[in-house]
Amino acid sequence: MNNKYNMPDDRGHFGPYGGIFVAETLMPPIQELNEAYQRYINDPEFIAELDKDLKYYVGRPSPLYHAERWSRELGGAQIYLKREDLNHTGSHKINNTVGQALLAKRMGKTRIIAETGAGQHGVATATIAARLGLECVVYMGAVDVARQSLNVYRMKLLGAKVVAVESGSKTLKDALNEALRDWVTNVDNTFYIIGTVAGPHPYPAMVRDFQSIIGREAKEQCIEATGRLPDALVACVGGGSNAIGLFYPFIDDASVKMYGVEAAGDGVATGRHSAPLCAGRPGVLHGNRTYLMCDDDGEIIETHSISAGLDYPGVGPEHAWLKDTGRATYVNITDTEALEGFYALTRMEGIIPALESSHAMAYAMKLAPTMSKDETLIINLSGRGDKDMQTMAKREGIEL
Amino acid sequence: MSRLASTFEELAKTGRKALIPFITAGDPTPNFTVPMMHAMVKAGVDVIELGIPFSDPMADGPVIQRASERALAHKMSLRRTLELVIEFRKTDDKTPVVLMGYLNPIEAMGYEDFANAAQRADIDGVLTVDLPPEEGSECSALLKARGIDPIFLLAPNSTDERVQKMDLAGSGYIYYVSLKGVTGAGHLNITDVENKLKQIKAHTNLPIAIGFGVKDAQTAQAIANVGDGVVIGSALISKVEANLDNPEQASKEIIELLVSIRQALDN
Ligand SMILES: Cc1ncc(COP(=O)(O)O)c(C=O)c1O
């Protein structure tokens, strides 16, 4: 039992990464959150309520789908898709918001705030807030408000207030800054639902725990379908929540290779990308130490990606640790390659993936042919492409 | 004894309160900063807090955020902030200077290199907003070894236990954040501050400077009375912002405000 993976430590450290790096006003609410989380994550009643929501509201378990035609076409590994796109609201994000919202309710918080990039986490938060009758404010960079307008409309329909953030680069990192400023101002009644495995402890561990339902199901489903563990896992990495959700239950299974796919934007060599693990360096942002995209002076660099959900200069601290220890491998996929992945899955399997997930598809197209036909590759299909229809149509010169 | 300790001791002897202006280094341009620091000393300030511009100032309101953006547009950085202090020190080796900012620029430089550079620049204190004592012991030890005070924050929701923690971890002074919110917020409540200061003073002998949301002489006076000093930032930077095409006017208005606060504090 001794060499079992058991990160983080009780102060949220994954080796040198993670931790709690916040202004003093946030220390008490973070401590309060940590105590509530430690208590309820082991409370059978809480878990039962969570499981019920995941089954009847989210629609779990999500299928593990054998993409037979695509596997044949690529001529290598058998490709299985973990269908998080079929969840209520269309992505993996709801696994986490359902969990955190139940915590918020237990803690007596009446107001929910969230940051969002692609809008999927915002929608998943607005959805659960509507269901629980909680006030909801979502911060979203002004650039993202423009490129994900469909999701902005969905959030508003659900009764959330969407605040367009005009500071800095007007994308996900600035939305996170603004959400932190809101939290510091309204600590007494407000619960901040962070949408990925970033932020101060306990968020990276807590979001991982809520998302790891993906990997637990996938493991069982894979053994049922193939009689054994998969050989490789592939997932896109923005903050890293869908990836860690798939990876975590497999960390102690040494034979299972894990590939996290970052967004290379125009290409890592151009500097216009969102790939901190591949091309960044350790630093501190948004409450934790991790790999970041920053310059020699420690100023955060603007990121670029075709997908709003991967357009973030940091990454969850646990991925930083898995990279350094070599347990997971981090690769990157350009905008152009991601589009190839997008079209391939759409035309081969009749499944339109989110642009974020398309990065994982594109990497699988490189990896699968290097594997043998009796090997199994699981790709996390983290979300569906509906939200990206406008972006895609525009690229094709079509007005909707 | 550190410059900060002796400054507060001197003030206490004469029954005066510390006036501590905060400006962002390099805002609106790098040339503005050092003359402004000297002018503020002349106007009677006791300590200068100099903000290190950062791309993602999470604890700051819009006024200081924009100050950071203006400074960064002129390529201001931690390194260049330290150079400004070296220039300031050429003609002022008395006024304590405290650097205030976020951790990542310090991480990028490396803790030891930063501590050495801060010592060379004759910095007196360092306040890193997003570095609580739990994570800050390594950096604090390097600073203390060089006679630089690590300064920590306390907030309206800080428990007794945290006050004791800051008392042990910090030196120079403690910065009390007078409200739950970001810098420049508008909902300061003096009675709340007064009650909280009683609780804090029961657990520490360090001087307490109070900041966030102090906008005018009257508030400054009321606030300073319950602590040992008052920090005024956004209200000064607003003057910079209102006079971007006329930095001399900005400087003049900043000095007028500081002089009025000095008079109010000394009355
Ligand atoms: C469908 C989808 N996949 C992936 C991501 C990236 O987030 P993470 O890396 O936390 O899974 C997002 C974020 O918005 C998303 O909407």
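Between them, chain A and chain B bury about 2900 Å², and carbon and sulfur atoms account for 48% of it. Buried area here is the accessible area (1.4 Å probe) that two parts lose on being put together, summed over both. On the chain A side, A:Glu24, A:Arg181 and A:Glu299 lose the most area to chain B. Together they make up 23% of what that side buries. The model is predicted: local features need pLDDT of at least 70, side-chain atom pairs count only at pLDDT 80 or more, and totals for chains, interfaces and linings use all residues. Residues are numbered from 1 along each chain as its sequence is written, chains are lettered from A and ligands numbered from 1 in the order in which they are written, and side-chain values use heavy atoms, with hydrogens and water left out.

The contact (heavy atoms within 4.5 Å) draws 36 residues from chain A and 37 residues from chain B. Five salt bridges link the two chains. A salt bridge is a side-chain nitrogen of Lys or Arg within 4 Å of a carboxyl oxygen of Asp or Glu. A:Arg289 and B:Glu107 form one, at 2.5 Å from N to O.

Which elements of chain A touch chain B? Those giving two or more residues are β2 (17–21), α1 (27–40), α8 (172–185), β12 (281–285) and β13 (287–292). Helices (H or I, at least four residues) and strands (E, at least two) are DSSP runs, numbered from the N terminus. α8(A) gives the most, with eight residues.

Now turn to the interior of chain B. Strand β3 (residues 97–101) is mostly covered, with five of its five residues buried. Buried means under 20% relative accessible area, exposed over 50%, partly exposed in between (1.4 Å probe, protein chains only). B:Val97, B:Leu99 and B:Gly101 point one way from β3(B). B:Val98 and B:Met100 point the other way.

β3(B) has parallel partners. Strand β2 (residues 48–51) of chain B pairs with β3(B) over four bridges. Two strands pair if DSSP finds at least two bridges between them. B:Gly51 has B:Met100 as its bridge partner in β3(B). Strand β4 (residues 125–128) of chain B also pairs with β3(B) in the parallel sense, over four bridges.

After α2(B) comes B:Gly44, with a positive phi near 105 degrees.
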